[in-house]
Amino acid sequence: MSEVGTARPRIEGRAKVTGRARYAADEPVEDLLHGWVVVSTVSRGRIRSIDTAAVLGMPGVLGVIDHRSAPRLNPEAGMFFGPDAGLLLLQDDVVPHAGRPVALVVAETLEQARAAAGALPVTYVEEPHDTAFSAEHPAARPALTIYGPDADVGDVDAELAASAVVVGARYRTPEQHCCAMEPHAVTAWWEGDRLQAIDANQGPFFAAGTLAALFSLRPDQVRVRSEHVGGGFGGKGGVGPQLILAVMAATRFGRPVRVALTREQVFLATSMRPATDQRVRIGADPDGRLRAIHHEPAYSVSPLAEYVENCAELTKTLYAATAIRTRLTAVPVDTLPPFSMRGPGATPGSFALESAVDEVAARLGLDPIELRLRNEPVVGPVSGLPFSGRNLVACLRDGARRFGWADRDHRPRTRREGPLLVGTGVAVASFSSGAIPSSAAITAEADGTFTVAIGATDIGTGARTALTAVAADALRVPAERIRLRIADSDLGFAWVAGGSRGTTSWSWAITEAAAAMRERLSDPERPLTVTADTAQAIGALEPKERHAFSAVFAEVAVDLATGEVRVRRLLGTFAVGRVVNPLTARSQLVGGMIMGLSMALHEEGVRDPVSGRHLNTDLAGYHIASHADVPEVEAHFVADHEPDDPSGLKGVGEIGTVSTAAAIANAVWHATGTRQRTLPLRLDRVLEVG
Ligand code: MOS
């Protein structure tokens with residue numbers, strides 16, 4: 001029997017529920033010191049003074065590290081988007097945003113560090129800040145083209161002029177925060193000239209490399225492990241402030257140091273999804289054929305670091321419009337530097353695009369599913385490249401059948417249940433898939449087991465369990481004979497748990513290593529180790545449009561007297577390639593849809609325009625969907641297979657979130673007859689007065 005395709009509970013499930021699984025702040029370490037981060041209270045300016053002497057006499061305090069005493073970091077260091085000044089903590093007296101770490105207080109106990117940090121006098125020279133993001137901001141400029149250039153297919157203006165129906169609207173999404181259950185934490189120490197860190201991140205190999213660059217160390221001097229990580233969602237995709245500050249302290253005091261951020265500091269000092277402000281114009285013929293799609297998304301960045309929120313991703317993939325134009329714009333403002341979060345780009349982008357497509361269907365009086373079926377592309381609408389596979393039509397048809405779409409009256413505001421208006425909505429999504437070069441090693445042990453070593457991370461998704469299944473099938477042995485080692489930068493180059501590319505990237509490397517091992521199995525020598533690196537195989541792939549696809553259906557009930565929106569049902573159908581573990585994959589998709597629900601109804605980082613500060617920096621103020629908000633959620637798979645992946649895989653990490661907010665907003669329109677173009681769908685926005 002094939003392990004891939006079989007539902008299995010998580011290998012580490014028992015360790016997690018019994019508390020034996022150790023997270024970054026749990027590791028028992030001798031002689032441990034604790035660091036407490038102090039963050040700026042102003043949005044822009046300079047540090048006037050930090051009175052370290054005032055706390056040095058406090059119980060247990062070893063010292064304070066600030067810009068006057070911190071080691072110099074390498075300004076060239078960065079990760080995916082080039083040099084990243086967001087990482088250059090404690091390098092000068094400049095305060096670039098509220099919540100920027102300005103000092104680390106180090107003490108014998110956590111309580112002593114916290115008390116001293118609370119007592120540390122810090123004063124600032126405030127300077128005017130600008131946190132007022134909008135598409136019209138004078139600093140707006142084209143985004144980096146790291147995900148490809150803007151689309152320019154056909155003559156958008158001419159096609160709009162020739163269209164029977166034109167929808168033009170502006171959509172907004174707020175700053176949002178990843179809110180992993182485990183706050184960012186690290187335990188770091190030196191062993192001789194080798195730095196050791198147990199850190200909460202999504203990719204220890206990348207974290208170690210960036211850390212080495214920052215501190216001007218040789219890569220082999222840094223070892224980062226992340227055995228168990230309590231959620232990531234992009235917010236642990238880079239090097240967090242905890243890691244940089246803990247290394248500074250471990251270096252200075254020559255003892256192991258633990259730094260765990262508070263929930264508030266996770267909001268203030270790690271990363272967020274940027275706010276977006278998106279204009280969309282779509283023109284269509286009376287029969288629903290799309291003539292033009294014009295999508296101009298703007299998003300906020302920080303002057304400290306480049307970041308691309310690729311909101312136009314779906315616009316280049318989903319529809320066979322005659323003309324397609326996208327213009328992705330970045331607007332630098334004085335906030336926390338944004339970074340990837342849960343379907344980065346695609347998620348806010350899909351809210352704009354899939355709302356606008358629904359508006360077109362409504363204007364034409366067409367079933368929004370029928371509209372989509374009439375605009376299915378044969379090749380990439382912008383690239384002209386073939387799709388490796390698509391199956392969006394299968395998602396729509398299967399989802400519609402399961403959801404009971406056929407009975408829908410497409411006119412808005414036609415279903416009442418007492419004081420409630422009821423409506424349904426649909427939206428579709430794509431999310432780019434593929435594999436990123438990674439390496440793996442397999443050792444045939446003397447006892448007949450195989451040790452499979454890969455620098456993967458399991459951030460709670462079930463990666464361990466999935467990779468064990470892939471390794472077992474690739475080696476043609478039962479899963480019991482696989483010993484998986486992951487989450488250690490010493491295991492070599494491997495992609496991060498991100499971009500919906502963890503399982504594809506790691507599985508490919510394991511599959512290649514397993515093939516090499518099977519060739520050597522007659523070799524009597526034991527233990528025997530083989531290694532593989534997928535750079536060449538992945539580099540040799542033909543360029544194609546490779547994506548996972550989905551259709552998400554929502555039913556909502558709206559109380560116009562209170563403005564309350566309740567999601568009653570969510571159903572998603574997914575074409576995500578071959579499914580490695582139906583149990584954990586389904587969990588990821590259901591979780592992703594809940595994140596989309598949360599985005600639709602609740603999540604909003606509120607920034608005070610006067611102080612520039614983020615106001616709701618805790619889970620009481622920053623609302624996330626809780627059990628009471630979550631209705632029946634169903635995730636179904638349609639038969640799908642990625643022909644260019646050795647195991648037929650695409651990815652499930654992010655597509656559950658993408659377009660779910662649009663499906664809900666479309667259902668709210670269907671219930672009420674009013675378009676909501678700003679997220680979240682707050683009571684005050686939905687409330688109908690008079
Ligand atoms: Mo994801 S937002 O690529 O961790």
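How many cavities of 30 Å³ or more does a search of the whole structure find? The search finds 4 of them, a cavity being a set of points on a 1 Å grid over the protein atoms alone where a 1.4 Å probe fits but cannot get out.

This is a predicted model, in which local features need pLDDT of at least 70 and side-chain atom pairs count only at pLDDT 80 or more, while totals for chains, interfaces and linings use all residues. Residues are numbered from 1 along each chain as its sequence is written, and side-chain values use heavy atoms, with hydrogens and water left out.

| Cavity | Volume | Lining by class |
|---|---|---|
| Largest | about 460 Å³ | 17 nonpolar, 14 polar, 5 charged residues |

Lining residues have an atom within 4 Å of a point. In the largest cavity there are 36 of them, with D84, L87, V239, T270 and S271 nearest its centre. Helix 6 gives the most to this lining, with 3 residues, and strand 4 (78-79) is another element that supplies at least two. The lining of the second largest cavity includes H177, H184, R263, T270 and S271.

Elsewhere, helix 8 (residues 346-364) and helix 15 (residues 660-672) pack at an angle of about 35°, with their axes 8 Å apart, and their crossing is right-handed. The contact (heavy atoms within 4.5 Å) joins S350, F351, E354, S355, D358 and A362 of helix 8 to A661, A662, A665, N666 and W669 of helix 15. By class, the residues of this contact comprise 6 nonpolar, 3 polar and 2 charged.

Terms used:
On a 1 Å grid over the protein atoms alone, a cavity is a set of points where a 1.4 Å probe fits but cannot get out, and a pocket is an open set with protein on both sides within 12 Å along at least five of seven lines; lining residues have an atom within 4 Å of a point. Grid points are joined across faces, edges and corners, and a volume is the space filled by probe spheres set on the points. Helices (H or I, at least four residues) and strands (E, at least two) are DSSP runs, numbered from the N terminus. Ala, Val, Leu, Ile, Met, Phe, Trp, Tyr, Cys and Pro count as nonpolar, Asp, Glu, Lys and Arg as charged, and the others, Gly among them, as polar. Axes are lines fitted to C-alpha atoms, for helices over the stretch in contact, and angles run from 0 to 180 degrees between N-to-C directions. A crossing is left-handed if the near helix is turned anticlockwise from the far one by less than a right angle, and right-handed if clockwise.
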